[in-house]
Amino acid sequence: MNRNVLRATLATTATAIAVVLSFAGCSPAGDDRPLVIVSTNILGDVVGELVGGEAEVVTLMKPNADPHSFEISAQEAARVRSADLVVSNGLGLEEGLQQHLDAAAADGVETFVAGDAIDVLDYSEGDAEGSPDSHFWTDPARMIDVVDALEPVLAELEGADPGVVSEHTAAYRAELEDLDAEMVAAFAAIPEERRALVTNHHVFGYLADRFDFDVVGAVIPGGTTLAAPSASDLADLVEAVEETGVPTIFAESSSPDRLVQALASEADIRVDVVELFTESLTGPDGGAPDYLTMMRVNTERIATGLSR
């Protein structure tokens, strides 16, 4: 066998063994770092930035998945219960995962729920009216609150260097502050009469609260992509689009945009449908491989779509 082929084969085999060991609750030989398991890939990206190499960070949610409905294997569930720390979004987001998060907490695993660290908004309309909105990450200022609350928890992990965690956290907090300033500037250019959002479902409540937008409506009326719109919901949205004159409505990358396309067609007006990355990161080549990039792409698309 060619030496290069042999090396590649051995490397692939080693990687496969590491993955198997990882989900069996073991770490590759020599890796004695604390294990942090994170539910969503957005939070997984943030936790990885904060902790650096001081802990092994495992994200349960795959790229392009729906946080409301993704599930995990029995091996992954077992590993959640053996983690040093489990980080989750909370506020009802991880509908398909919650039983495993509850089981880990019952077993005494230390948990951090990001929703506990922010000023929570409730849905103001639709099927979810009065219940907490889980999509806080659309507001970078609230993500800063999460980062500030996470820092001492990560710094206390046995085997982690608190100084390194503090250094990484300070650097990432500065990046979040820069992102927030960029979003303020970009959205300020949108005319007042165009500051209205129509999307697949209610995911932009925090962005609207932070940057003074009006959420005109959502094709899916509840706070979860598992809900479905009725004919009257669509009729109400047609009326809202016609009254506001918004030139663009937005479809999420994590769910099909057929309903949004149908709305645009039924309204019988010229309206563009623009895709946003809202509930999941993508793979490296998908356009939103990390939280900061996702937010910058969305900001540019919203600002452009509503300013034309």
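These are my notebook entries on a predicted model of one protein chain.

**Entry 1: the whole chain**

I began with the overall make-up. The chain has ten helices and eight strands. I then looked up burial. Of its 308 residues, 48% count as buried.

**Entry 2: salt bridges**

Side chains of opposite charge can pair when their charged atoms come close. How many salt bridges does a search of the whole structure find? I noted eleven.

I looked up Lys62. Lys62 pairs with Glu76, and their closest N and O atoms are 3.4 Å apart. This pair links distant parts of the chain, 14 residues apart. Lys62 is in the loop between strand E2 (56–59) and helix H3 (74–80), while Glu76 is in helix H3 itself. Are the two partners buried or exposed? Lys62 has 45% relative accessibility, so I wrote it down as partly exposed. Glu76 has a relative accessible area of 9%, so it goes down as buried.

Then I turned to Arg142. Arg142 forms a salt bridge with Asp139, with 2.8 Å between the closest N and O atoms. Both Arg142 and Asp139 are buried. The two also belong to a network of salt bridges. Which residues does that network link? My list reads Asp119, Asp139, Arg142, Asp180, Asp209 and Arg210.

**Entry 3: Glu151**

I found Glu151 in helix H5. Its side chain meets that of Arg173 in a salt bridge, at 3.4 Å from N to O. Glu151 lies in H5 (residues 140–155) and Arg173 in helix H6 (residues 162–188), so the pair ties together parts 22 residues apart in sequence. Arg173 is buried, as is Glu151.

Why does Glu151 count as buried? Its relative accessible area is 19%, and the cut-off for buried is under 20%. I also listed its neighbours, leaving out residues up to four places away in sequence. Glu151 touches Val165, Ser166, Thr169 and Arg173.

**Entry 4: helix H10**

I moved on to H10, which runs over residues 291–307. The helix has 17 residues. From its first C-alpha to its last, H10 reaches 24 Å, close to the 24 Å expected at 1.5 Å a residue. I checked the start of the helix too. There, a side-chain oxygen of Asp290 comes within 3.2 Å of the backbone nitrogen of Leu292.

Two packed helices are described by the angle between their axes and the distance between the axes. I looked up two pairs that include H6.

H6 and H10 came up with an angle of about 5 degrees, and their axes are 10 Å apart. They are therefore roughly parallel to each other. On the H6 side, the contact includes Tyr172, Leu176, Leu179, Met183 and Phe187. On the H10 side, Tyr291, Leu292, Met295 and Thr299 are among the residues involved.

Helix H2 (residues 41–51) packs on H6 at about 125 degrees, with the axes 6 Å apart. I noted H2 and H6 as oblique to each other. Which residues of H2 and H6 meet? Asp45, Val46, Glu49, Leu50 and Val51 in H2 meet Val165, His168, Thr169 and Tyr172 in H6.

**Entry 5: residues in loops**

I looked up Ser82 in the loop between H3 and strand E3 (85–88). Ser82 is partly exposed, with a relative accessible area of 40%. Its side chain reaches the backbone oxygen of Arg79 at 2.9 Å. I also compared Ser82 with Val36. They are 46 residues apart in sequence, and their C-alpha atoms are 9.8 Å apart in space.

Last, I checked phi angles. Most residues other than glycine have a negative phi. Asn64 has a positive phi of about 65 degrees, although it is not a glycine. Asn64 is in the loop between E2 and H3. At 48% relative accessibility, I put Asn64 down as partly exposed. Leu91 is not a glycine, yet it has a positive phi of about 60 degrees. I found Leu91 in the loop between E3 and helix H4 (98–106). Leu91 counts as partly exposed, at 22% relative accessibility.

Key
Residues are numbered from 1 along each chain as its sequence is written. This is a predicted model: local features need pLDDT of at least 70, side-chain atom pairs count only at pLDDT 80 or more; totals for chains, interfaces and linings use all residues. Side-chain values use heavy atoms; hydrogens and water are left out. A salt bridge is a side-chain nitrogen of Lys or Arg within 4 Å of a carboxyl oxygen of Asp or Glu. Helices (H or I, at least four residues) and strands (E, at least two) are DSSP runs, numbered from the N terminus. Buried means under 20% relative accessible area, exposed over 50%, partly exposed in between (1.4 Å probe, protein chains only). The expected span of a helix is 1.5 Å times one less than its number of residues. A polar contact is a pair of N or O atoms within 3.5 Å; within protein, one must be able to donate a hydrogen and the other to accept it, and residues adjacent in sequence count only if both atoms are side-chain atoms. Axes are lines fitted to C-alpha atoms, for helices over the stretch in contact, and angles run from 0 to 180 degrees between N-to-C directions. Angles under 35 degrees count as roughly parallel, over 145 as roughly antiparallel, 65 to 115 as roughly perpendicular and the rest as oblique. Contact means heavy atoms within 4.5 Å.
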